[in-house]
Amino acid sequence: MSKIDETREFIPVNIALLTVSDTRTLKDDRSGDILFQRASDDGHIVLERAIVKDEVQLIKKKLNLWIKEPKIDVVISTGGTGFTGRDVTPEAFKAVFEKEIEGFGELFRWISFKKIGTSTIQSRAVAGVAKGTYLFALPGSTGACKDAWDEILHNQLDIRFRPCNFVEIMPRLREHELAGRSS
């Protein structure tokens with residue numbers, strides 16, 4: 001059974017939060033505020049927070065900038081995961097991924113289905129890894145951000161969570177780069 005192993009010491013992760021929107025500002029970014037609050041309440045460190053417009057190149061530019069920053073372990077975005085013409089977040093993220101975490105989107109939609117039924121089919125939430133950094137793209141609604149954090153990220157970003165979690169494998173995310181250098 002999944003649980004927190006209290007014998008292990010908590011290790012905070014460094015997070016960057018990205019809101020993808022043509023209209024939001026830091027003053028009215030409720031979904032970004034929710035993610036900031038939940039991450040901070042759980043003991044993590046939010047190092048950066050930004051808003052970019054719904055444009056693939058702008059999203060990719062910000063992701064690549066944060067991926068190159070060794071202090072950032074995790075990037076979480078909110079917004080731009082729907083089907084409208086301006087919703088391009090999954091395309092930008094997938095262009096940056098080295099490996100996709102398919103189970104994240106599947107699990108997110110399963111959790112969402114229990115709350116909003118078949119409307120969850122409109123979510124294109126995705127996750128992956130690039131250069132040792134976890135990348136999560138969440139829908140822009142406050143409910144979706146709460147669900148993703150409370151039901152998935154809260155546990156997976158806690159090294160004490162058993163039987164496994166994302167944090168314990170962070171040191172091994174760049175093994176392929178190191179193997180290529182020794183050849």
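Predicted model: local features only at pLDDT ≥ 70, side-chain atom pairs only at ≥ 80, totals over all residues.
Me: How many disulfides turn up?
Reply: Searching the whole structure gives 0 disulfides.

Me: Switching to packing. How many residues are in the largest nonpolar core?
Reply: There are 31 residues in it, and Ile 15, Ile 76, Phe 104, Tyr 134 and Phe 136 have the most contacts inside.

Me: Which elements supply at least two residues each?
Reply: The strands are β2 (14–20), β4 (74–78), β6 (126–130) and β7 (133–138), and the helices are α1 (30–41), α4 (102–116) and α5 (142–156).

Me: Which one gives the most?
Reply: α5 does, with 6 residues.

Me: What does Tyr 134 touch, leaving out residues up to four places away in sequence?
Reply: Its partners include Asp 73, Val 74, Val 75, Gly 128 and Val 129, and also Phe 166, Ile 169, Met 170 and Leu 173.

Me: What lies apart from that core?
Reply: Another core, of 20 residues, with Leu 18, Leu 63, Ile 72 and Val 96 among them.

Me: New topic: where is Ile 4 found?
Reply: Ile 4 sits in strand β1, residues 3–4. With a relative accessible area of 26%, Ile 4 is partly exposed.

Me: What does Ile 4 touch beyond four places in sequence?
Reply: Asn 155, Asp 158, Arg 160 and Phe 161. Ile 4 and Asp 158 are 154 residues apart in sequence, yet their C-alpha atoms are 8.3 Å apart in space.

Notes: Residues numbered from 1 in each chain as written. Heavy atoms only, no water. Core = buried A, V, L, I, M, F, W, Y, C linked by side-chain atoms within 4.5 Å. Buried < 20%, exposed > 50% of the residue type's maximum accessible area, 1.4 Å probe, protein only. Helix = DSSP H or I, 4+ residues; strand = E, 2+ residues; numbered from the N terminus. Contact = heavy atoms within 4.5 Å. Disulfide = S-S within 2.5 Å.
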